[in-house]
Amino acid sequence: VKQIKLQPSGEVYEVKTNTALSTDILAEKLGLIMACGGHGLCATCHVFVKDGGDNLSPVSDREKKTLQRVTSCSPASRLACQARVHGPVEVSLPEGRYLESAEELESLIGRRAETNILHPVTGQVLVKQGQIISKFATRQLKGADFKPWEIASKTKTTGGKAV
Ligand code: FES
């Protein structure tokens, strides 16, 4: 069993050695929406490793490619669904909550954002904490692809080449 410490709260969770940082239980406790289903294709399980980065499995090519799209990515960034735990680690989450659809943001127009509202693919802050959610914010999302992994899987089933 290995320990994962969450910063800044200091809460400690235990996972079996070599399981992903985002076990089902942990994902639920942390409120990770895991939009792509744990396939390493979104930003919704993005974490910053504060300590113990060497105790995680190496970054795969897919994880590297996905992290390149994440606007808040840093050298400490990992995708919790891809990083396997081999020893104690400390992590923190980007501040905010991820949208599940463009419609969700439209339904919040006129309200004040209680926390940063984040794009589920790029991690971009769409509305900052404390700002009123405006039509302008939703216009930024026109044509935005919220679930590129669905396109990739459809391409696969039709015999095309997924990108
Ligand atoms: S859940 Fe999508 S990359 Fe981890």
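Three strands of the predicted model form an open sheet of mixed pairing, in the order β6-β7-β8; strands, like helices, are DSSP runs numbered from the N terminus (E, at least two residues, for strands; H or I, at least four, for helices). Two strands are taken to pair if DSSP finds at least two bridges between them. Strand β7 (residues 117-118) pairs with β6 in the parallel sense over two bridges, and Leu118 in β7 is the bridge partner of Tyr98. Residues are numbered from 1 along each chain as its sequence is written. Because the model is predicted, local features need pLDDT of at least 70 and side-chain atom pairs count only at pLDDT 80 or more, whereas totals for chains, interfaces and linings use all residues; side-chain values use heavy atoms, with hydrogens and water left out.

A further open sheet, also of mixed pairing, is formed by five strands in the order β2-β1-β5-β3-β4. Its edge strands, β2 (11-15) and β4 (77-79), each pair on one side only. From one strand to the next the twist averages 40 degrees; axes are lines fitted to C-alpha atoms, for helices over the stretch in contact, and angles between N-to-C directions run from 0 to 180 degrees. Strand β1 (residues 2-6) is joined to β2 by five bridges in the antiparallel sense, with Lys2 opposite Val15 of β2. The two strands β1 and β2 form a hairpin with four residues between them, and Gly10 in the turn has a positive phi of about 80 degrees. Strands β3 (residues 46-51) and β5 (residues 89-92) run antiparallel and are joined by three bridges; Asp51 has Glu90 of β5 as its bridge partner.

Helix α2 (residues 61-69) packs on the sheet, touching β3 and β4, and its direction makes about 120 degrees with that of β4; contact denotes heavy atoms within 4.5 Å. Within α2, Glu63, Thr66 and Leu67 are buried, where buried means under 20% relative accessible area, exposed over 50% and partly exposed in between (1.4 Å probe, protein chains only). Seen down the axis of α2, its buried residues fall within an arc of 100 degrees, so they line one face of the helix; the arc is that of the directions from the helix axis to the C-beta atoms. These buried residues of α2 pack against β3 and β4, whereas Asp61, Lys65 and Gln68, on the other side of α2, are exposed.

Arg78 is located in strand β4 and counts as buried, at 7% relative accessibility. Its side chain reaches the backbone oxygen of Ser57 at 2.7 Å, a polar contact being a pair of N or O atoms within 3.5 Å; within protein, one must be able to donate a hydrogen and the other to accept it, and residues adjacent in sequence count only if both atoms are side-chain atoms. When residues up to four places away in sequence are not counted, Arg78 touches residues including His46, Val47, Val49, Glu63 and Leu67.

The search of the whole structure finds zero disulfides, a disulfide being a pair of cysteine sulfur atoms within 2.5 Å. Cys36 counts as buried, at 6% relative accessibility, whereas Cys73, at 33% relative accessibility, counts as partly exposed.
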